Amino acid sequence: LTRFTPRYTGDVWIAEDGRRVDMKHGEGSKGLATYMRLSNLLQGYPRGPHVMDCKIGYRSFQEAEAAKSKPRPDLYKKMIDLDPTAPTEEERAAEACTKYRWMS
């Protein structure tokens, strides 16, 4: 699994005019955008385009979405396509799952 996890290699600070600013940790970064520098996991792939969407954290949806309990057949289909053993017996009977179940 670690080969699919990007390595953190430090922070990058970008000024409003787009130029990169070299700083040490602890210095003031007012007016600068701060970005994490991660290793390139797509470097070894021979074909492009090379685009990767990295999520930082453990959940990428809002609490309001998690509270919705409406069963959704479209998400159930996606779940089965991804892992046929994932649905519970109730989800199989209803042929639907909630957004929270799909996202977790």
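Residues are numbered from 1 along each chain as its sequence is written. In this predicted model, local features need pLDDT of at least 70 and side-chain atom pairs count only at pLDDT 80 or more, while totals for chains, interfaces and linings use all residues; side-chain values use heavy atoms, with hydrogens and water left out.

The chain contains 4 helices and 3 strands, where helices (H or I, at least four residues) and strands (E, at least two) are DSSP runs numbered from the N terminus. Along the sequence these elements follow the pattern β-β-β-α-α-α-α. Of the 104 residues, 17% count as buried; buried means under 20% relative accessible area, exposed over 50%, and partly exposed in between, with a 1.4 Å probe and protein chains only. The chain exposes about 8800 Å², of which carbon and sulfur atoms supply 53%. These areas come from the Shrake-Rupley method with a 1.4 Å probe, and for residues only the protein chains shown count as cover. Among contacts between residues at least 6 apart in sequence, 40% join residues at least 24 apart, a contact being heavy atoms within 4.5 Å.

The 3 strands form an open sheet in the order β2-β1-β3, with antiparallel pairing. Two strands are taken to pair if DSSP finds at least two bridges between them. The edge strands, β2 (20–21) and β3 (33–38), each pair on one side only. Strand β1 (residues 8–14) is joined to β3 by 6 bridges, and the two run antiparallel. Within this pairing, Tyr 8 stands opposite Leu 38, and Ile 14 has Ala 33 as its bridge partner. On β2, Ile 14 stands opposite Arg 20. The antiparallel pairing of β1 with β2 extends over 2 bridges. These two strands form a hairpin with 5 residues between them, and Gly 18 in the turn has a positive phi of about 95°.

Ser 39 lies in the loop between β3 and α1 (63–67). With a relative accessibility of 17%, Ser 39 counts as buried. The side chain of Ser 39 reaches the backbone nitrogen of Arg 7 at 2.8 Å. This is a polar contact, defined as a pair of N or O atoms within 3.5 Å; within protein, one must be able to donate a hydrogen and the other to accept it, and residues adjacent in sequence count only if both atoms are side-chain atoms. Apart from neighbours within four places in sequence, Ser 39 is in contact with Pro 6 and Arg 7.

In helix α2 (residues 73–82), the buried residues are Leu 75, Tyr 76 and Met 79. Viewed down the axis of α2, the buried residues fall within an arc of 105°, so they line one face of the helix; the arc is that of the directions from the helix axis to the C-beta atoms. The cover over these buried residues includes α3 and α4. The face of α2 turned away from the buried side carries the exposed residues Pro 73 and Asp 81.

The model has 4 salt bridges, each a side-chain nitrogen of Lys or Arg within 4 Å of a carboxyl oxygen of Asp or Glu. One of them joins the side chains of Arg 72 and Asp 74 (2.7 Å, N to O). Arg 72 is partly exposed at 28% relative accessible area, as is Asp 74 at 38%. Another joins Lys 77 and Asp 81 (3.1 Å, N to O). Both residues lie in α2, 4 residues apart, about one turn of the helix. Asp 81 has a relative accessible area of 56%.

A further salt bridge joins Glu 91 and Arg 101 (2.8 Å, N to O). Glu 91 lies in α3 and Arg 101 in α4, so the pair ties together parts that are 10 residues apart in sequence. Glu 91 is buried, with a relative accessible area of 9%, whereas Arg 101 is partly exposed at 26%. Leaving aside neighbours within four places in sequence, Glu 91 is in contact with Tyr 76, Met 79, Ala 86, Ala 96, Cys 97 and Arg 101. In the loop between α3 (89–94) and α4 (99–103) lies Glu 95. Although not a glycine, Glu 95 has a positive phi of about 50°. Glu 95 is exposed, with a relative accessible area of 51%.
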